Amino acid sequence: METAETTGTATFLTATDALSPRDRRLGKLLLAPALAYIFLLVALPFVLALFLSLTNSSAGSLDFSFVGLQNFANVVRNPVFRRALWNTFVFTFVSQVLVMVLGNILARALLKKFRGKLLVRFLILMPWAAPISLATLGWLWIFDSTFSVINWVLKVVGWLGPGQWYYWLGDPTLGMVAIITVHVWRLLPFSTVILLAGLTSIPSEVHEAADIDGAGPLAKAFQITIPMMLPILTVAILFGTVFTFTDMNVVYLLTRGGPYNSTHVLASLAYQEGVLGGDVGRGASIAIFLLPLLVVMAVLMLRISRRAEVV
Amino acid sequence: METRRQFLLKGGSLVAAGVAAAAAGPTIFTRGAAAADKTLKILQWSHFVPAYDKWFDPFAKEWGAKHGIEVTVDHVGFADVVPRATAEVAAQSGHDLHMFIGLASAFEEHVIDLKDVVGTLEKKYGKQVELAHRSTYNPFTKKQFAVSDMWVPDPGNYHKKIWTDIGQPNGPSTYEDLVKAAPEIKKKYPQIQIPIGVGLSQDIDSNMAVRNMLWCHGGSIQDKESNVILNSPETLNALEYAKRLYSVGMTQAVLSWNAASNNQAFNAQETSYILNSISAYRTAQDNNLPVLENYFFVPALKGPAGIMLASEHVMSGYVVWKFSKSQESAKEFLVALIDASRESMLASKLYNFPSFYGAVADPNTVMSKKYDSGAAWIAKQCNNDPFGSKPADKLALLAKALPWSTNLGYPGFANPAEGEIFDTYVITDMFAKAATGALAPKDSMTEASNRAKEIFNKWRKKGMVPGGSKDR
């Protein structure tokens, strides 16, 4: 009998080749719901958004004309848009740095054995599980310009003197601080869990061997922990970054982009212009403005996650 | 034990049965619907006075039961009224009757002309109030795109004791009074956080407050012919005034307010003056708050040239979508709702004011007297508040609110461009930037004027808004 070995040619059988036609049909059938989901709820709206950004479509009408890149030219001239673009980068960068640093600290703390660890883990996960609208309402009171509980506490402890007050949501800088705080609070559990999974996946023998070789904490961190966690760390950062770039919930529920449109990010501005203002074409152009950047990130994400699989 | 194939075959049969059932679905549904007669789906806001919803929902259901129509009422928060309309237009399905609390003009193309409904109502009750007409009719396209059953006055709310202590027991009557009073209030009541609480934030109440300020200083976004005239010395005066008022009487808190914030600040006695309808007052009554005995009202304030105007606080605008299959039922319901204007006003605890004064006239009044009879009935309620005001005539000024109340789009008609400017906070941001010094008043005005012209031009190209030849 002639085989691949006897003929001397290399034959590689893929998993699909090994399946019978019946099983292949079954495979396609099982894959269909996921593909339909991606096509209908991701690809189609995305293509529609791209298309709408090139039209003068408005909310109250199904008619529109093709206007080319006019919407993009108009929004770039708008100072509110330029501010929102800047805010998007600040919001994303600062919150990601904080999430990674704080997530690392929490994950390391949770690696240790202590009483009530289960309860602490549960409490840490709470913000991730709570509906964002409900949670933000709580934060809205915490940061309320007239009744902020933070301010009252600061007043009681003497930090704020007579006539001094922090207008958390009424000041452009403090507004961004409030937005970033809530977003970090919201993302922290997810990043902690991911980092915790990464830390626990490092075999203890590696650390023991390093201890025997006399490696200090810094050497262990930079030569063992970080390199071994790099794939998962990168995925966490990229996921968080893309998620933050495209998120509008916190901004919209907390400041609605105010004061005077100074705390908008692109996603919330797109909602204000496209849905509330009814200028769908303009809203779509704002929403997809960062598309090239997000595409690069998505490609990076896919490459790194593939590398993570190998690891 | 079943093999995977057998399991899938069984599953496939179930799916096939499901598909067949779904295909038969519309037939079954139609039969079922026919058996239960017609349907009417209404989308309403959640009223700021919750007692109104408790009246409206059973009223609509009972009306439906009498006419063999199954009525469904869905409520959404006021901020979701427009996004919901956008979604329903995009899907070309949803409710039959959609209530807007501001401008419905952007959706004109997708709603039916309700001229016949207004015609019927005018035959029964006489003319509707001018600001309702100007908010629901497009003179350019000659379309009655909505029908208004009610509007809400927007008086000033002031703290009697505080204003008495600074020598003005009847509260402010001009914009200049606010600037003069603020330092005195600060001196006498240093614990009060915001002496004067006029919102400058991205919310609905601030949107009205800044328009009042603009109009009373002689400025406006458009003229009667829909030319954009925001870039004017009058607008600049209004912005300079806002800057003065902010520096002496307000804090950054007013830049962050949402629709409830001014109510909360006033009810907590953290401010002495706000612009609001009576919903905040009713909340204070319901909760018997300490502020209640000092909760009083003043009409719109006068500007430097004596102009005294305030935007309506809410203007209802019911539209019937073109995609609705119950258009006739929707029209009949609108007539029935306006027939019940007395009940509506009482159910809302005098929050709603009828758009057709004749609809609250005494029964059997002759047509020529209906408006006056209706106005007299409204005055009777306000002069002797049936909901426990002390003194009983505390709300008397509301009965005289019509002359100083106007529509969004003043001095012209409401239109989609005015609606977009309202919904994207162009005017509140202009005032906030000028007041806080984020931009010089002139620069702030130029920025807002450019954006307003951009928006108007867009709608003009769509053939929905006239003007343009005299844009400034």
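## Two domains in chain B

Domain bounds here come from an automatic or database domain assignment. In this predicted model, that assignment gives chain B two domains, and both are built from two separate stretches of residues. Domain 1 takes in 36–148 together with 314–368, while domain 2 takes in 156–312 together with 407–461. Between the C-alpha centres of domain 1 and domain 2 of chain B there are 29 Å.

Where the two domains of chain B meet, domain 1 brings 19 residues to the contact and domain 2 brings 18. On the domain 1 side, helix H5 (130–136), strand E4 (137–138) and strand E11 of chain B supply at least two residues each. H5(B) has the largest share of that side, with 3 residues. By class, the domain 1 side splits into 13 nonpolar, 4 polar and 2 charged residues.

Let's look next at an open sheet in chain B, where 3 strands are ordered E11-E6-E13 with antiparallel pairing. E11 (314–315) and E13 (353–354) of chain B are the edge strands; each has a single partner strand, so one side of each has no neighbour in the sheet. Strand E6 (residues 150–152) of chain B is joined to E13(B) by 2 bridges, and the two strands run antiparallel.

Strand E7 (residues 156–159) of chain B pairs with E9(B) in the antiparallel sense over 4 bridges. Gly156(B) has Val298(B) as its bridge partner in E9(B).

## Helix packing in chain A

Over in chain A, the axes of helix H8 (residues 172–200) and helix H10 (residues 217–245) come within 9 Å and cross at roughly 160°. Angles over 145 degrees count as roughly antiparallel, which means that H8(A) is roughly antiparallel to H10(A). The crossing of H8(A) and H10(A) is right-handed. H8(A) makes this contact with His183(A), Leu187(A), Ser191(A), Ile194(A), Leu195(A), Gly198(A) and Leu199(A), and H10(A) makes it with Met229(A), Ile232(A), Leu233(A), Ala236(A), Gly240(A) and Thr244(A). There are 8 nonpolar and 5 polar residues in the contact of H8(A) with H10(A), and no charged ones.

A second pair in chain A is helix H3 (residues 70–77) and helix H13 (residues 280–287), whose axes come within 9 Å and cross at roughly 70°. That angle makes H3(A) roughly perpendicular to H13(A). Asn71(A), Phe72(A), Asn74(A) and Val75(A) of H3(A) meet Gly281(A), Arg282(A), Ser285(A) and Ile286(A) of H13(A). The contact of H3(A) with H13(A) holds 3 nonpolar, 4 polar and 1 charged residues.

## Where the chains meet

Finally, the two chains: 26 residues of chain A are in contact with 31 residues of chain B. Helix H12 (residues 266–276) of chain A gives the most to the side of chain A that touches chain B, namely 4 residues. That side of chain A is made up of 9 nonpolar, 13 polar and 4 charged residues.

Conventions: Residues are numbered from 1 along each chain as its sequence is written. Chains are lettered from A and ligands numbered from 1 in the order in which they are written. This is a predicted model: local features need pLDDT of at least 70, side-chain atom pairs count only at pLDDT 80 or more; totals for chains, interfaces and linings use all residues. Axes are lines fitted to C-alpha atoms, for helices over the stretch in contact, and angles run from 0 to 180 degrees between N-to-C directions. Angles under 35 degrees count as roughly parallel, over 145 as roughly antiparallel, 65 to 115 as roughly perpendicular and the rest as oblique. A crossing is left-handed if the near helix is turned anticlockwise from the far one by less than a right angle, and right-handed if clockwise. Two residues are in contact if their C-beta atoms, placed from the backbone, lie within 7 Å. Ala, Val, Leu, Ile, Met, Phe, Trp, Tyr, Cys and Pro count as nonpolar, Asp, Glu, Lys and Arg as charged, and the others, Gly among them, as polar. Two strands pair if DSSP finds at least two bridges between them.
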